[in-house]
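Subject: Structure handover and notes

Hello,

Here is the structure I said I would pass on. Please look it over first, then read the notes below it.

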Amino acid sequence: MLINKNQFRVRFAPSPTGYLHIGGFRTALYNYLLAKKNKGQFILRIEDTDQNRFVEGAVERLIQSLNSFAIKIDEGVFLKNSCSSKSSPSKNYPLVLEAGESGPYIQSERLEIYKKYAEELVTKGQAYYCFCSSERLKEIREKQITQKKPARYDRYCLENISPEEAQKKIENKIPYVIRLKVPRGEIIEFEDLVRGKVIFQTDLIDDQILLKSDGYPTYHLANVIDDHEMKITQIIRGEEWLSSTPKHILLYKFFNWKEPKFAHLPLLLNPDKSKLSKRQGDVAIEDYLKKGYLKEALINFVALLGWNPGKGETQEIFTLAELIEKFSLNHVHKGGAVFDTKKLDWLNAQWIKQISLDDLYKRSLKFWEQKDFYQSAKEDNKTEKYIKKVLIIEKERLQKLSDVGEENQFFFTDRIATSLDAIRWKNSTSSETKTYLKKSLNTLENIKENDWNLKNIEKHLLAKAGEKRGDLLFPLRAVLTGQKKSPSPFEVAWVLGKKESLERIEKVLDTI
RNA sequence: GCCGCGUUCGUCUAGUCUGGUCCAGGACGCCAGGUUUUCAUCCUGGAAAUCAGGGGUUCGAAUCCCCUACGCGGUACCA
């Protein structure tokens with residue numbers, strides 16, 4: 001009997017080769033959604049078995065990225081200070097902690113385990129030592145390709161080197177690898193959770209290297225062992241792993257382990273349909289955060305790239321909680337999806353409208369600080385109160401946080417229109433325009449400092465406006481903002497405050 | 001080369017398992033109109049897919065079968 005039939009465990013197992021790729025982020029998201037929907041665990045494991053591709057700081061950066069999206073890790077690796085459960089420091093990464101019963105969760109810390117299992121397979125005759133040089137390997141591969149045959153290892157070491165000889169070579173420190181002995185003439189089939197039945201012939205599968213000559217395992221060995229030891233129940237990974245799944249299934253069989261369920265996600269593509277790459281834009285998820293996209297919008301958008309809520313559902317905006325509730329592998333699309341940020345922009349604008357003003361203020365702060373007009377603004381233009389007023393007006397116009405203030409720099413700098421033409425509304429004459437401006441000035445002057453609010457300003461100004469409101473309102477806007485396009489003069493005057501508003505009007509009246 | 005997976009509006013996709021309600025629905029984007037003092041928001045409408053192509057099965061196919069094309073992935077002591 002199983003200990004707990006309902007346990008549901010998934011993992012995200014990235015390699016620390018740089019940043020968190022959007023594709024990887026989506027894989028992590030889908031894993032997380034599935035885990036949470038099923039009240040299961042989401043495990044983070046680090047697959048650092050390729051010493052050549054290792055990038056300093058990448059492990060930390062990876063976890064950091066996940067953290068910034070509030071994708072909570074239940075077990076595995078954590079950043080220091082971000083782990084609440086009982087944890088121990090990682091052996092290989094000083095800033096990383098590990099927590100959970102199936103650790104270590106970093107493959108470079110599990111080398112002994114892989115070696116033990118690989119040797120077990122050799123003993124059972126399901127794997128063998130190979131001493132061939134990479135030159136010879138390359139040679140036979142090229143020959144097979146020119147002969148239009150599938151490229152496979154020719155089993156030289158299996159057929160020509162006895163176990164005793166092999167043992168002797170190893171004792172003499174001759175470098176070796178351990179290869180999987182793939183049985184001949186068999187069919188391997190499995191039910192992929194998104195693709196359905198997939199069939200492979202073992203005759204076309206290469207004798208995969210399991211243990212490299214540097215003592216590190218390859219992905220295939222480490223992955224199967226870890227997924228088993230960590231009791232993973234569903235493997236959700238990118239489509240690039242589909243072709244190697246039969247090798248993994250073979251390993252589960254040889255070890256006599258119950259195999260997990262597999263789900264292979266479609267790839268994310270460039271606009272030209274090639275695999276999403278660095279060449280054609282940013283592919284690190286953290287870059288999008290830096291560009292002013294909200295984490296909610298990014299999660300929302302990425303979730304919809306390859307998944308949909310199902311028949312008849314037309315909802316487009318999803319919170320993380322809603323995604324957890326509605327997510328299902330049944331509705332994962334099979335074809336690749338082009339990563340086109342147009343819809344992301346729209347979603348982001350929607351999300352900016354949804355979050356609270358306080359929240360928007362906090363999140364936008366670092367973007368304000370990057371702006372020249374903000375830096376050079378007067379002190380009283382940088383107060384929380386003032387910025388929040390600006391944000392009330394910008395909230396429904398913003399697409400990205402990085403756009404903050406861009407269209408409305410007059411809130412921070414004096415940009416006064418001086419020519420009459422710039423402030424005249426349609427067919428109004430110069431003198432009419434002046435008259436209207438004076439009227440506005442007068443009206444605003446009569447509003448008491450305490451009554452200086454949006455509602456009052458609008459009420460009083462509209463009372464003075466004639467049938468064609470533009471005659472009064474357009475010159476006022478132009479004078480207050482120095483622009484022909486802007487939020488309404490009521491809003492602008494309200495944010496600017498009585499004193500500043502009157503000054504701007506007077507200054508123009510003096511010069512024209 | 002060999003193996004595998006995929007292919008519905010420009011893009012994300014619904015519909016495919018359980019053929020008819022689909023001369024294919026929604027969203028983004030685009031265009032037009034409306035609301036508004038301008039911009040944005042918002043509202044309304046429109047253009048946009050011979051369902052990759054061909055052949056079958058069927059009274060009937062986007063949906064089932066076969067072939068082809070194209071795209072992508074794998075084919076590493078990379079993951």
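The notes below cover how to read the model, its domains, several helices and a few single residues.

This is a predicted model, in which local features need pLDDT of at least 70 and side-chain atom pairs count only at pLDDT 80 or more, while totals for chains, interfaces and linings use all residues. Residues are numbered from 1 along each chain as its sequence is written, and chains are lettered from A and ligands numbered from 1 in the order in which they are written.

Domains

Chain A is assigned domain 1 (111-265), domain 2 (355-404) and domain 3 (420-511); such bounds come from an automatic or database domain assignment. Between the C-alpha centres of domain 1 and domain 3 there are 77 Å.

Helices (H or I, at least four residues) and strands (E, at least two) are DSSP runs numbered from the N terminus. The expected span of a helix is 1.5 Å times one less than its number of residues. Helix H21 (residues 498-511) has 14 residues and should span 20 Å at 1.5 Å a residue, which agrees with the 21 Å between its end C-alpha atoms.

A residue is called buried if 20 or more other C-beta atoms lie within 10 Å of its own, exposed if 12 or fewer do, and partly exposed in between, with C-beta atoms placed from the backbone. In H21 the residues Ser501, Arg504, Ile505 and Val508 are buried. They cover an arc of only 90° around the axis, so they sit on the same side of H21; the arc is that of the directions from the helix axis to the C-beta atoms. Lys499, Asp510 and Thr511 are exposed, on the face of H21 turned away from the buried side. The cover over the buried residues of H21 includes helix H17 (430-445), helix H19 (470-481) and helix H20 (489-496).

H17 has 16 residues and reaches 23 Å from its first C-alpha to its last, close to the 22 Å expected at 1.5 Å a residue. Its buried residues are Thr433, Tyr436, Leu437, Ser440 and Leu444. These cover an arc of only 100° around the axis, which puts them on the same side of H17. On the face of H17 turned away from that side are the exposed residues Ser431, Lys438 and Asn442.

The axes of H17 and H19 come within 9 Å and cross at roughly 75°. Axes are lines fitted to C-alpha atoms, for helices over the stretch in contact, and angles run from 0 to 180 degrees between N-to-C directions. H17 and H19 are therefore roughly perpendicular to each other; angles under 35 degrees count as roughly parallel, over 145 as roughly antiparallel, 65 to 115 as roughly perpendicular and the rest as oblique. Two residues are in contact if their C-beta atoms, placed from the backbone, lie within 7 Å. Among the residues of H17 that meet H19 are Tyr436 and Leu437, and those of H19 that meet H17 include Pro475 and Leu476.

Helices H3 and H7

The axes of helix H3 (residues 111-123) and helix H7 (residues 219-229) come within 10 Å and cross at roughly 100°. That makes H3 roughly perpendicular to H7. The contact is made by Ile113, Tyr114, Tyr117 and Ala118 of H3 with Leu221, Ala222 and Ile225 of H7.

Helix H1

The 16 residues of helix H1 (residues 22-37) should span 22 Å, and its end C-alpha atoms are 22 Å apart, which agrees. Because 15 of the 16 residues of H1 are buried, H1 is largely enclosed by the rest of the structure. Lys39, which follows H1, has a positive phi near 55°.

Single residues in loops

Ala284 is in the loop between strand S13 (268-269) and helix H9 (285-290). Ala284 counts as partly exposed, with 18 C-beta neighbours inside 10 Å. Not counting residues up to four places away in sequence, Ala284 touches Tyr19, Leu20 and His21.

Gly103 and Pro104 are joined by a cis peptide bond, with omega about -5°. Pro104 lies in the loop between strand S5 (96-99) and H3.

Lys148 is not a glycine, yet its phi is positive, about 60°. Lys148 belongs to the loop between helix H4 (134-146) and helix H5 (156-160) and is exposed, with 6 other C-beta atoms within 10 Å.

Regards
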